[in-house]
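Let's take a friendly walk through a protein chain together.

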Amino acid sequence: VQLQASGGGLVQPGGSLRLSCVASGSRSSINVMGWYRQAPGKQRELVAIITSGGDTNYVDSVKGRFTISRDNAKNTVHLQMNSLQFEDTAVYYCSATIKIVTYWGQGTQVTVSS
């Protein structure tokens with residue numbers, strides 16, 4: 001299974017970005033798709049996840065600012081990020097969990113800077 005993420009970039013505080021990730025090569029349904037991030041010197045943390053049924057979960061720091069969505073037919077997950085803050089700067093990784101195995105994308109850099 002391969003995951004290809006896109007949409008990162010440089011944005012000013014208060015701005016928006018939309019990340020997308022496409023999963024390919026899976027013969028089974030993807031149970032959970034999500035986004036994680038890792039800032040310099042910090043551990044990777046969960047940002048948001050979404051199940052095949054549409055249930056979502058967010059880390060507290062992004063609630064009300066980020067929205068995760070997915071298209072099951074296209075094996076695609078999106079992360080709409082609004083009101084971006086300096087603290088959101090990180091490499092963002094998409095993930096896809098199939099049965100008990102989690103696959104990772106290559107990461108896309110999000111930099112919030114004035």
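What radius of gyration would a compact globule with 114 residues have, and what does the chain have? The rule for a globule is 2.2 Å times the number of residues to the power 0.38, and the radius is taken over C-alpha atoms. A compact globule with 114 residues would come out near 13 Å, and the chain agrees because its own value is 13 Å. Along its principal axes, the C-alpha trace spans about 45 × 25 × 20 Å.

A word on how to read all this. The model is predicted, so local features need pLDDT of at least 70 and side-chain atom pairs count only at pLDDT 80 or more, while totals for chains, interfaces and linings use all residues. Residues are numbered from 1 along each chain as its sequence is written, and side-chain values use heavy atoms, with hydrogens and water left out.

Now follow the chain along its sequence.

What about inside and outside? Of the 114 residues, 39% count as buried. Buried means under 20% relative accessible area, exposed means over 50%, and partly exposed lies in between (1.4 Å probe, protein chains only).

Let's visit some buried residues. Valine 77, in strand 8 (residues 76-81), counts as buried because its relative accessible area is 0%. The residues that valine 77 touches, leaving out those up to four places away in sequence, include Leu19, Cys21, Trp35 and Ile68. Glycine 15, on the other hand, is 62 residues from valine 77 in sequence and 21 Å from it in space, C-alpha to C-alpha.

Aspartate 88 sits in the loop between strand 8 and strand 9 (90-98). Is aspartate 88 buried or exposed? Its relative accessibility is 1%, so aspartate 88 counts as buried. Among its contacts beyond four places in sequence are Arg37, Arg65 and Phe66.

Threonine 108 belongs to strand 11 (residues 108-112) and is buried too, with a relative accessible area of 11%. A polar atom of the threonine 108 side chain lies 3.3 Å from the backbone nitrogen of glycine 8. Gly8 is also one of the residues that threonine 108 touches, along with others including Ala5, Leu19 and Tyr92.

Next comes aspartate 71, in strand 7 (residues 66-71). Aspartate 71 counts as partly exposed because its relative accessible area is 27%. Its side chain reaches the backbone nitrogen of alanine 73 at 3.1 Å. Valine 22 is 49 residues away from aspartate 71 in sequence, but 9.6 Å away in space, C-alpha to C-alpha.

Finally, let's look at the backbone in two loops. Most residues other than glycine have a negative phi. Asparagine 75, although not a glycine, has a positive phi of about 50°, and its place is the loop between strand 7 and strand 8. Lysine 99 has a positive phi near 55° and is found in the loop between strand 9 and strand 10 (101-104). With 66% relative accessibility, lysine 99 counts as exposed.

Technical notes
Helix = DSSP H or I, 4+ residues; strand = E, 2+ residues; numbered from the N terminus. Polar contact = N/O pair within 3.5 Å; in protein donor to acceptor, adjacent residues only side chain to side chain. Contact = heavy atoms within 4.5 Å.
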